[in-house]
Every structure is written in C-alpha cells, then in structure tokens.
Amino acid sequence: MATTLDDLRGLFALDLTDAVLTCGGCGASTELRAHDLYPDAPALVVRCPSCTAVVLRFGTGGGRVRLDLSGTRLLTVTAPSTG
C-alpha cells in the first residue's frame, strides 16, 4: 500500500506525546513525553533524556508553524484504529 499525502495529514492530527523519538545523536529511543522540554526558548525545544541533544524544535510566528526534527533519526507513531 502506497503512502499518500492524506497519511501525512493524519500524522499531524495525532497526539504525539505517545510517539517514540529516536535521537540522531546517541540513538536512544524514548517516548516524547519522557524528553526534556524547554518551553521558554524562542521556540519550544525538546532534548534527548539520554544525551541532551536537541531532537525537536517547534515555533510559531508570522502566521507560520515551524517544526524542526533534524536531531531526530526516527519518529514512530502508533496509528489509531479505524474500528
């Protein structure tokens, strides 16, 4: 089955706190909710709990949303059941 743009739209409609991030620095895989969060930076910054590398940056401004996952090797999300 091919992945479609609708699959990407669905990803961003999910609660990502259960998502597992694999750190691009140390390779540790941990649920997003266990990461260290720094909300007071110019953008929201999320750091790996194992090595403190930045794995995610999220910011808004000027009518845009910015999501930087360059420090993340892999983001794994469990798809919701369609029951």
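Visitor: Why is Thr52 called partly exposed?

Guide: This is a predicted model, and in it Thr52 has a relative accessibility of 46%. Buried requires under 20% and exposed over 50%, so Thr52 at 46% falls in between and counts as partly exposed.

Visitor: Where is Thr52 found, and what is its phi?

Guide: Thr52 is found in the loop between β4 (44–47) and β5 (54–61). Its phi is positive, about 70 degrees, although Thr52 is not a glycine.

Visitor: What makes His35 buried?

Guide: The relative accessibility of His35 is 10%. The limit for buried is under 20%, and therefore His35 counts as buried. The residue has its place in the loop between β2 (29–31) and β3 (36–38).

Visitor: Which residues does His35 touch, leaving out those up to four places away in sequence?

Guide: The residues touched are Leu21, Thr30, Val46, Arg47, Cys48, Pro49 and Val55. A contact here needs heavy atoms within 4.5 Å.

Visitor: What does the side chain of His35 reach at 3.0 Å?

Guide: The side chain of His35 reaches the backbone oxygen of Glu31. The cut-off for a polar contact is 3.5 Å, and the distance in this pair is 3.0 Å.

Visitor: How do you know that Arg33 and Asp18 meet in a salt bridge?

Guide: Side chains of opposite charge can pair when their charged atoms come close. The criterion is a side-chain nitrogen of Lys or Arg within 4 Å of a carboxyl oxygen of Asp or Glu. For Arg33 and Asp18 the distance from N to O is 2.6 Å, so the pair meets the criterion for a salt bridge.

Visitor: What parts of the chain does the pair of Arg33 and Asp18 link?

Guide: The salt bridge between Arg33 and Asp18 links distant parts of the chain, 15 residues apart. Arg33 is in the loop between β2 and β3, and Asp18 is in the loop between α1 and β1.

Visitor: How many salt bridges does the structure hold?

Guide: The structure holds 3 salt bridges. One of them joins the side chains of Asp68 and Arg57 at 2.7 Å, N to O. Asp68 lies in strand β6 and Arg57 in strand β5, so this pair ties together parts that are 11 residues apart in sequence. Asp68, at 26% relative accessibility, counts as partly exposed, and Arg57, at 37%, also counts as partly exposed.

Visitor: Where is Leu67 placed, and how far apart are Leu67 and Leu44?

Guide: Leu67 has its place in strand β6 (residues 64–68). From C-alpha to C-alpha, Leu67 and Leu44 are 9.6 Å apart in space, and they are 23 residues apart in sequence.

Visitor: What is the secondary structure of the chain?

Guide: The chain has 1 helix and 7 strands, in the order α-β-β-β-β-β-β-β from the N terminus. Of its 83 residues, 19% count as buried.

Visitor: Where in the chain is confidence lowest, and where is it highest?

Guide: Helix α1 (residues 5–11) has the lowest confidence, with a mean of 61, and strand β1 (residues 20–23) the highest, at 96. The chain averages a pLDDT of 85, and 83% of the residues score at least 70. Where pLDDT is low, the predicted coordinates should not be read in detail.

Key: Residues numbered from 1 in each chain as written. Predicted model: local features only at pLDDT ≥ 70, side-chain atom pairs only at ≥ 80, totals over all residues. Heavy atoms only, no water. Helix = DSSP H or I, 4+ residues; strand = E, 2+ residues; numbered from the N terminus. Buried < 20%, exposed > 50% of the residue type's maximum accessible area, 1.4 Å probe, protein only. Polar contact = N/O pair within 3.5 Å; in protein donor to acceptor, adjacent residues only side chain to side chain. pLDDT = per-residue confidence, 0-100.
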